[in-house]
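Here are my notes on the model, as numbered points. They can be read alongside the sequence and the coordinates.

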Amino acid sequence: MFNKKISLLIILIATAFCITSFGSASAANPPYANFESNTSSGTGPVSVQFHETTIGKVSTWKWNFGDSKTSNEKNPIHTYTRPGQYNVTLTCTNPAGKSSITKNNFVTVTENRFLNPGFESGDLKAWNAGSTTTIANNPHTGTKAVHFSTSGNESTNYVSQGINLTNIGSVSFWGRGESGVSQAFHVYIDGNLLKEYTANSSNYVKYTVPLTYTGNHIINVTWTGGSEGYVDDFYSYLKYPAPKSNFTYQINSTVPSKVQFTSKSTGYIDKCYWNFGDGSTSTLYNPFITTPKMVLTP
Ligand SMILES: [Ca+2]
């Protein structure tokens, strides 16, 4: 009886023979442009390391990062500063011709909706603050953090501000308690206690607060107890849709099989894992593989 996998292999090879091997490494053929990157999303500014994965000889590269900036480097690093979704285009040329690929919405940059997330301006102008709340040189990052005094209490040791929580999945901050003393940070939304986080270390700890709100709200972080504490580096994170895997492929030669896989996955993608069915795997976004034979399984 005819094995289903072998049947598919024969169909695949038969199909592949109809395709010219334009992806070979010869400069007699135009290149087949492609690229990937080390990251594709984040809270601005986002620095993206691009890697070209073009098939064939390449004489020149031209990148359009979608924010009106360009580069002629082979593997450029580009920093996106403004929130948005960006289409990235790579055009490769060689003496035989050129090839261009555009990946729509390839980079997503989200805004940090806290006006003064890091407290690096050295003041609390973007935040409301309690009477025993000051700026101190005891940062998690940068040079400044917020200091809660031992002379205060929860009603005087606090920072708060309005924030638009639509599409925000969580906010985070870094907090530090006095060494050896068990104290707590309280997180309020519109005056209602949402979370309590114990601080019992002399080191900064990151606290992530899951949120399910829409529209504008007041977030308030307070410090309880009689010892001193610090907070720094507030961040907000967008809700991301769960990923759904999908892909297409382009066969460039058959013996051995040279196949360009292109991810068509949707949603927020942090990492990729490919299993090609021949024992080889990849973690690239759009892998190009060479294998003695290709077997497609349903
Ligand atoms: Ca800081």
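**Notes on strands, sheets and cores**

1. Valine 171 has valine 209, in S16, as its bridge partner. Serine 172 stands opposite threonine 208, also in S16. These positions belong to the pairing of S13 with strand S16 (residues 205–210), which is antiparallel and extends over 6 bridges. The model is a predicted one, and these pairings should be read as such.

2. S13 also pairs with S18, again in the antiparallel sense, over 8 bridges. Here serine 170 stands opposite tyrosine 237 of S18. In a regular strand, side chains alternate between the two faces of the sheet.

3. Which order do the strands of this open sheet follow? There are 5 strands, in the order S10-S11-S18-S13-S16, and the pairing is antiparallel. Strand S10 (133–136) and S16 stand at the edges; each has a single partner strand, so one side of each is left without a neighbour in the sheet. From one strand to the next, the twist averages 35°.

4. The largest nonpolar core has 22 residues. The members that touch the most others are Ala145, Val146, Val159, Phe173, Val221, Tyr230 and Val231. Two or more residues of this core come from each of strand S11 (145–148), strand S12 (158–164), strand S13 (168–177), strand S17 (216–224) and strand S18 (229–238). A second, separate core holds 18 residues, including Tyr32, Phe50, Ile55 and Tyr80. In soluble globular proteins, nonpolar side chains tend to be buried together.

5. What does phenylalanine 173 touch, leaving aside residues up to four places away in sequence? The list is Tyr207, Val221, Val231, Asp233 and Phe234. Of these, Val221 and Val231 are also among the core residues that touch the most other members.

6. Strand S14 (residues 183–189) and strand S15 (residues 192–199) run antiparallel and are joined by 7 bridges. Tyrosine 188 stands opposite leucine 193 in S15. The hairpin of S14 and S15 has 2 residues between the strands, and aspartate 190 takes a positive phi near 55° in it.

7. S14 pairs with S17 as well, in the antiparallel sense and over 6 bridges. Within this pairing, valine 187 stands opposite valine 221 in S17. Val221 is the residue already listed among the contacts of phenylalanine 173.

8. Another open sheet has 3 strands in the order S1-S3-S6, with antiparallel pairing. Its edge strands are strand S1 (35–37) and strand S6 (77–80), each of which pairs on one side only. The twist averages 30° from one strand to the next. Strand S3 (residues 46–52) and S6 run antiparallel and are joined by 4 bridges. Glutamine 49 stands opposite isoleucine 77 in S6.

9. Most residues other than glycine have a negative phi. Phenylalanine 119 is not a glycine, yet has a positive phi of about 60°. Phenylalanine 119 lies in the loop between strand S8 (97–110) and strand S9 (128–129). Is this residue, phenylalanine 119, buried or exposed? Phenylalanine 119 counts as buried because 27 C-beta neighbours fall inside 10 Å, where the cut-off is 20 or more.

10. Asparagine 167, also not a glycine, has a positive phi of about 70°. Asparagine 167 is found in the loop between S12 and S13. With 13 other C-beta atoms within 10 Å, asparagine 167 is partly exposed.

11. For the protein as a whole, the secondary structure comes to 1 helix and 23 strands. Buried residues make up 27% of the 298 residues. Of the contacts between residues at least 6 apart in sequence, 64% join residues at least 24 apart.

Conventions
Residues numbered from 1 in each chain as written. Predicted model: local features only at pLDDT ≥ 70, side-chain atom pairs only at ≥ 80, totals over all residues. Buried ≥ 20, exposed ≤ 12 C-beta atoms within 10 Å, placed from the backbone. Contact = placed C-beta atoms within 7 Å. Core = buried A, V, L, I, M, F, W, Y, C linked by C-beta atoms within 7 Å. Pairing = 2+ DSSP bridges. Axes fitted to C-alpha atoms, helices over the stretch in contact; angles between N-to-C directions.
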